[in-house]
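These are my notes from going through the two chains. I took one topic at a time and wrote down what I looked up.

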Amino acid sequence: MASGVATARTMGNRFSRLSIRRESQAYALLFLVPTTLLFVGLVGYPVLYSLLLTVSGRGAAPGQLGAFVGLANWARIASDPIFSQAVVQTLMYVIPAAVLGVLVGLGVALVLNERFPGRRIVRAALLIPWALPPVVVAAMFQWFLDSRRGLLGQWLVNAGLVDQSPIFLGGVPGTLYMLTAIHIWKTMPLLALMFLVALQYLPNETIQAARIDGASRWRRFRYVVLPFLRPTIVAAIIIQVLITVQLFDLIFALTGGGPGRYSTYNVYFYTFKTTFEQTDFGYGAVLAYIVTGFVVVLALLLTRGRARSILS
Amino acid sequence: MAEVRLDRVVKRYPGLAADAVQETSLTFEDGLFTCILGPSGSGKSTILKLLAGIEEVTSGRILMDGADITNVTPERRDVAMVFQSYALYPNMNARDNIAFPLMLRGLGRQERYRQVEEVAEMLGIRGLLDRQPRALSGGERQRVALGRAIVRSPKVFLLDEPISNLDANLRATTREELKRIHQRLGATFIYVTHDQDDAEAMSDRVVLMAHGSVQQYDTPTAIYRRPANRFVASFVGRLPMSFVRGEIREEEGRLRFDSGPVWVDLAGRRGLPAGPVVVGVRPEGVTISSSRSAPMVGKVTLTEVVAPDLYATVSVGDVSLRARVPGEHVVGVGDEVGVTFVRSQLHFFDATSGERIVVEDEPATVRSWDVAV
């Protein structure tokens, strides 16, 4: 008898607890509605629409869906020499930008992590390239690199290194490398800042302990600082690749894709040209999907790596 | 094994008005365990950093076994240091942390790890060698840090509050262990702490510091029994010393200390000048009794238990005195008690400078920090 009562009571409790849970679940769903609507409207719809674009021919007006063409737009990738050229050139941007950018950023961070007079000012000044609007950067370098009146050419002439100011933005693939250099100059502060922040978390005493243990400057870097920075280096490389894959403004403002017709194209720039200048929205959407796919994979690598390093 | 000497060392940080370390000459004797004791900001850690070489002296010299090492970089000084934060290398397991100094000396992997095992055996951490620092408890990290110092068999060990982050029980056992390790290695240990229990439990010598200067350099017992000034007197001791401001007078050929409500007959104590003076007395120098016939009578205002003893604070007029209550007595707040001083336990300090007035019949304190190099 007593046990029967107890059972009834516990069952009653269970029911009331369940209903509370149900009620709070309903609230949870309610609160999720605005975000979900925003996400569906601003991301879901364009993604689906552009997916439809990839299987459609040219419509009545740019951006409108035309006749269904199946995977014809996708098939064009295989036989498009400009696309393959753009892929190769994307790598020509990305690889040096990632390797040199991270190396330079790391070097700058290590220097700025040392104590020296005026360090604060230098640290603040470091951010200038990153803070400048891309169009300003482009205009600045256009002047700086101008073949007739540019400062750099003049310096080289004055230093007696060359007789005549060279043409900096005219060669192939020299122009592409010039753009890469400017891009590294612009992105390096971000990378240096990442390293600088990480270095703040390396306790000073650990470095001092290594000194007392007999480690030279190089060995302190090699055995203590570098292993400590490894996760940051991986993150910095991925972020730099992500940024560089989406390099657009410098190309647009400085070379417009030339010299020649395509020599400084990357896939991203080619996507823009195809979609908005040739108004080939179907093929443009295919290219956009390819770039997006690459970016998403990298972003996943980055966040999963983060999660792993946090867990450990 | 080494003797370490500070010769007129000054450390000044730019932008700070006061010197972190005022001109100090001090000899850390070979093979002894010396504690540098003082409150925070006293300059004790700065001295350790100067000895390690991670801070540079503003002026003066540092000598190790007579050799000037003032300008030798920390990498090349034969000293090992254990930090309060342990400062383990976060990306190496315990084994490689301990082996790191050996690796830097170019020892092969096998020899390195053999020596690590030996040290780990001594510290009882053989089972932890494969763990990363973040998987170790505070006490275990402390041992690894200690192991990293021991494995180098350095001439001098510098320890910067290595056990102050441990809980009380572990602190006590670690003190024993450190003492044992010191005896076994016979090296010079210089140990910075703000905890007088550390100094009492382990050290052969104590350097007591305040405001960047050495207040007293002596054995732990002497620091307790013959404090060199009022600061030392109040800093050392589990419960604070009571101070009474008054005057020494000669009456009918007998010396007498008098502050109004509190007085004591000083017959037989020679070398005490007449005039204003501050008397210091520890709780064990004040005896209370139920006898109303005692020279002074006071009222208990506070009782404290510091096991196994009971302490009572007694008001005699406007003077507060803390007394240790003898085991068989029970007192409560409000009780009237008789108060007597144990004359041999009275300390006399100059009323203005606070310096100890040395009484003729007591041995002079060791003042080796004054010894010119």
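I note for everything below that the model is predicted.

**Entry: helix α9 of chain A**

I stayed with this helix and looked at how covered it is. Of the 9 residues in α9(A), 7 are buried, so I put it down as mostly covered, taking 20 or more other C-beta atoms within 10 Å as the cut-off for buried. I listed the buried ones as Thr206(A), Ile207(A), Gln208(A), Ala209(A), Ala210(A), Arg211(A) and Ile212(A). Next I looked up what lies over them. The cover includes α10 of chain A, and from chain B it includes α1 (44–52) and β6 (79–82).

**Entry: where the chains touch**

The cover from chain B sent me to the contacts between chains. I have 15 residues of chain A in contact with 17 residues of chain B. On the chain A side, the elements giving two or more residues are α9 (204–212) and α10 (217–245). The most comes from α9(A), with 6 residues. By type, I recorded that side of chain A as 7 nonpolar, 4 polar and 4 charged residues.

**Entry: chain A overall**

I counted 13 helices and 2 strands in chain A. Along the principal axes, I noted a C-alpha trace of about 110 × 75 × 30 Å. Buried residues are 28% of the 312 in chain A. I also looked at sequence separation: of the contacts in chain A between residues at least 6 apart, 65% join residues at least 24 apart.

**Entry: chain B, domains and sheet**

For chain B the domain assignment gives domain 1 (4–228) and domain 2 (238–361). Their C-alpha centres are separated by 39 Å. I then traced a sheet in chain B. It is open and has 4 strands in the order β2-β1-β4-β5, with antiparallel pairing. The edge strands are β2 (21–28) and β5 (67–68) of chain B; each has a single partner strand, so one side of each has no neighbour in the sheet. I checked the pairing of β1 (residues 4–11) of chain B with β2(B) and found 5 bridges in the antiparallel sense. One bridge I wrote down joins Leu6(B) to Leu26(B) in β2(B).

**Entry: the nonpolar core**

Last, I looked up the largest nonpolar core, which has 150 residues. Those with the most contacts inside it are Leu51(B), Met81(B), Ala145(B), Phe157(B), Leu158(B), Ile190(B) and Val207(B). The element that gives the most to this core is helix α8 (residues 174–200) of chain A, with 11 residues. Leaving out residues up to four places away in sequence, Phe157(B) touches Ala80(B), Ala149(B), Ala187(B), Phe189(B) and Ile190(B).

How values were computed:
Residues numbered from 1 in each chain as written. Chains lettered and ligands numbered in written order. Predicted model: local features only at pLDDT ≥ 70, side-chain atom pairs only at ≥ 80, totals over all residues. Core = buried A, V, L, I, M, F, W, Y, C linked by C-beta atoms within 7 Å. Buried ≥ 20, exposed ≤ 12 C-beta atoms within 10 Å, placed from the backbone. Contact = placed C-beta atoms within 7 Å. Domains from an automatic or database assignment. Nonpolar A, V, L, I, M, F, W, Y, C, P; charged D, E, K, R; others polar. Pairing = 2+ DSSP bridges.
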